[in-house]
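Reader: I'd like to learn how to read a protein model, one feature at a time. Could we go through one together?

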Amino acid sequence: MTIKSTIRTISNVMLLAVTAGSITSCAIKDDIPYPIVEAAITAFQVSGQCNETDTEAAAATINKNDATIDVFVSDTVNLAAVRIIRMEVSNDATIQPADNCLRPSEFPTQGFERPASTDNTHVDFTQGEAKFTLTTYQDYTWRIRVKQVIIPEVQMAGQVGDAIIDNVNHNVIVYVAANQDLSAVAVQKFRPAGQHCVVAPDPTETPTYDFSEMRTFTITAGNGRSTAAWRVFVYHTEAQQQATATAFARCVTATISGQCASGVAPKVEYRRQGDAEWTVLPTGQIAVNNTRYVAELTGLVAGGTYEYQVTAGEATTSVQTFTTVAPQQLPNGSFDDWHIEGSGTRALYCPWAEGAESYWDTGNHGATTVGASNSTYVDEGGRRFANLQSKYIVIKFAAGNIFTGEYLETDGTNGVLNFGRPFTSFPTKLRFDFKYRTSTITRTGGEWKEAYGNYITRQLYEGLKGQPDTCNIYVALGDWEPVDYKGTQCRYLIRTRPSALHLMDMNDSHLIAFGQYSCGKDISTWTTQTVDINYRVRDRQPSTIIVVASSSKYGDYFTGGEESLLQIDNMELLYE
């Protein structure tokens with residue numbers, strides 16, 4: 001029989017029971033024990049890789065939980081022969097090439113930072129994805145998905161609304177204002193088949209172009225692989241381009257976006273409701289692309305109601321309103337409220353007042369199954385604060401930790417947690433006071449006994465041994481969908497049991513904002529630290545906040561120093 005498990009880690013959360021089963025399991029096949037050695041693609045790149053708007057280079061999105069990689073490529077790339085220029089794998093796994101590799105026998109069998117001159121790493125991605133198998137003692141299938149970014153651009157003087165672009169029949173229809181001379185239309189942008197296509201003749205190279213009748217252009221795709229005749233129709237319309245505007249408000253900022261006439265710079269005005277004078281937004285805070293614009297308002301008052309209007313040429317929107325979101329704070333961010341359940345060496349320290357609802361929790365629930373709480377509080381100098389201590393408890397290294405959410409249960413030797421608390425605001429920074437005592441990393445692995453009586457020791461981060469330990473604090477905002485676990489609606493379910501693995505993914509599309517701070521040196525006096533919260537998207541409201549603090553950054557790999565101590569106090573969110 002075969003028992004398979006998967007190795008994953010919780011990002012920067014050091015919980016004894018959580019990590020107790022997350023290093024290595026064991027497979028029994030024909031009565032011979034084989035270690036479970038995970039294989040993952042850790043770095044990946046192709047030629048022509050870009051971001052989703054093809055405005056700059058961008059890293060691939062690697063999702064270890066789903067074993068997927070997502071990549072955007074420019075329209076200059078031939079999808080039938082995409083060249084992989086970097087593919088690094090963990091644990092010296094052997095690579096079995098995908099079926100759609102152009103020359104599978106010439107694809108490298110080991111990970112590479114760059115292919116050798118004798119390698120052929122071209123893959124046909126015309127169907128969107130390729131499946132590679134990584135082999136250690138087990139097989140792991142990874143799906144690589146490539147999406148080509150084709151952004152058409154057509155912009156003419158007097159244009160009303162967006163151009164209608166038919167990529168199948170190669171037709172373009174543009175409507176212009178009734179007073180626009182069709183025989184002399186100024187063309188600002190004309191790339192209907194993508195930013196890098198080649199147009200002949202190019203109507204942007206002359207001051208004006210005659211569109212009094214249908215015109216045909218020969219357009220070659222950006223990758224040079226195909227050429228087609230495109231027909232362009234320009235018509236008058238009696239409709240007038242109306243300026244439109246919608247607002248998405250955060251706490252102290254807001255985004256106003258909409259449409260306006262082509263070639264017209266919009267004027268955005270706003271004021272606090274009740275004020276007499278309008279504030280005109282500087283043009284530097286307004287981005288215009290053809291008939292669309294995006295304006296960023298800053299320096300607003302949280303929880304305030306504002307009026308705004310947009311003028312573009314002769315068109316002015318009605319006066320509309322938006323209300324900025326009220327700020328929210330982290331309950332018990334001072335870490336003053338604690339109670340202790342039980343006594344003696346198994347006393348469980350809980351970071352909330354007895355009888356009150358919890359907001360924070362720790363890995364003590366797992367630690368006290370074999371030893372004492374290592375996440376406690378201290379009263380000193382007139383203040384109470386969280387005291388997070390890294391320790392080797394009986395058979396495991398465990399980092400002190402505290403997090404927003406709740407520890408649900410210990411599943412065998414694995415933890416089940418409900419990460420996060422309800423949250424709908426938009427903080428810009430996380431601030432806290434802390435002290436830290438680092439210690440030399442002496443623990444770089446774990447050891448445990450499988451049901452079949454086999455001891456397996458796997459050393460992780462061995463290269464860190466002898467180096468100073470590092471504490472870690474992070475905050476994440478997201479709009480994750482709730483997941484049911486035994487009747488509990490979890491905001492972000494964390495499970496470390498290999499057969500039911502679900503861990504936090506920093507590449508998750510539901511992650512809206514993130515901020516992190518690490519420190520690897522002694523801080524012997526109380527120091528105030530401020531961490532920027534960086535928003536990945538600006539038009540979605542979070543539903544959940546996750547905050548984690550740990551005394552050993554790599555505690556989830558059983559790696560750290562046994563004397564590392566993080567003391568933390570006065571954690572609060574800022575809105576600037």
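**Reading the model step by step**

Author: Let's start with Lys486, which sits in the loop that links strand E42 (483–485) and strand E43 (488–490). Helices (H or I, at least four residues) and strands (E, at least two) are DSSP runs, numbered from the N terminus. This is a predicted model, in which local features need pLDDT of at least 70 and side-chain atom pairs count only at pLDDT 80 or more, while totals for chains, interfaces and linings use all residues. Residues are numbered from 1 along each chain as its sequence is written, and side-chain values use heavy atoms, with hydrogens and water left out.

Reader: Is Lys486 buried or exposed?

Author: Buried means under 20% relative accessible area, exposed over 50%, and partly exposed in between (1.4 Å probe, protein chains only). Lys486 counts as exposed because its relative accessibility is 65%.

Reader: What about phi at Lys486?

Author: Most residues other than glycine have a negative phi, and most peptide bonds are trans. Lys486 is not a glycine, yet its phi is positive, about 50 degrees. Asn332 is another non-glycine residue with a positive phi, about 55 degrees. Asn332 belongs to the loop between strand E27 (320–323) and strand E28 (339–341), and because its relative accessibility is 17%, Asn332 counts as buried.

Reader: Which peptide bond is cis?

Author: The bond from Ala200 to Pro201 is cis, with omega near -10 degrees. Pro201 is in the loop between strand E16 (198–200) and strand E17 (215–220).

Reader: How many helices and strands does the protein chain have?

Author: The chain has two helices and 50 strands. Of its 576 residues, 51% count as buried.

Reader: How do I read a sheet?

Author: Strands of a sheet pair through backbone hydrogen bonds, either parallel or antiparallel. Here two strands pair if DSSP finds at least two bridges between them.

Reader: How many bridges join E31 to E32?

Author: Six bridges join these antiparallel strands. They form a hairpin with two residues between them, and Gly381 in the turn has a positive phi of about 60 degrees. E32 is mostly covered, as five of its seven residues are buried.

Reader: Which residues touch the most other members of the largest nonpolar core?

Author: A nonpolar core is a set of buried Ala, Val, Leu, Ile, Met, Phe, Trp, Tyr and Cys residues joined through side-chain atoms within 4.5 Å. The largest has 37 residues, and Leu430, Ile473 and Met571 touch the most other members. Strands that each supply at least two residues of this core include E32, strand E38 (429–437) and strand E41 (471–478). Contact means heavy atoms within 4.5 Å. Leaving aside neighbours within four places in sequence, Ile473 is in contact with residues including Leu430, Phe432, Tyr517, Leu566 and Met571.

Reader: How many disulfides are there?

Author: A search of the whole structure finds zero, where a disulfide is a pair of cysteine sulfur atoms within 2.5 Å. Cys50 is buried, with a relative accessible area of 5%, and Cys490 is buried at 0%.

Reader: Where does Asn374 lie?

Author: Asn374 is in the loop between helix H2 (364–367) and E31, and it counts as buried because its relative accessibility is 4%. A polar contact is a pair of N or O atoms within 3.5 Å; within protein, one must be able to donate a hydrogen and the other to accept it, and residues adjacent in sequence count only if both atoms are side-chain atoms. The side chain of Asn374 reaches the backbone oxygen of Ala398 at 3.4 Å, and a polar atom of that side chain lies 3.4 Å from the backbone oxygen of Ala399.
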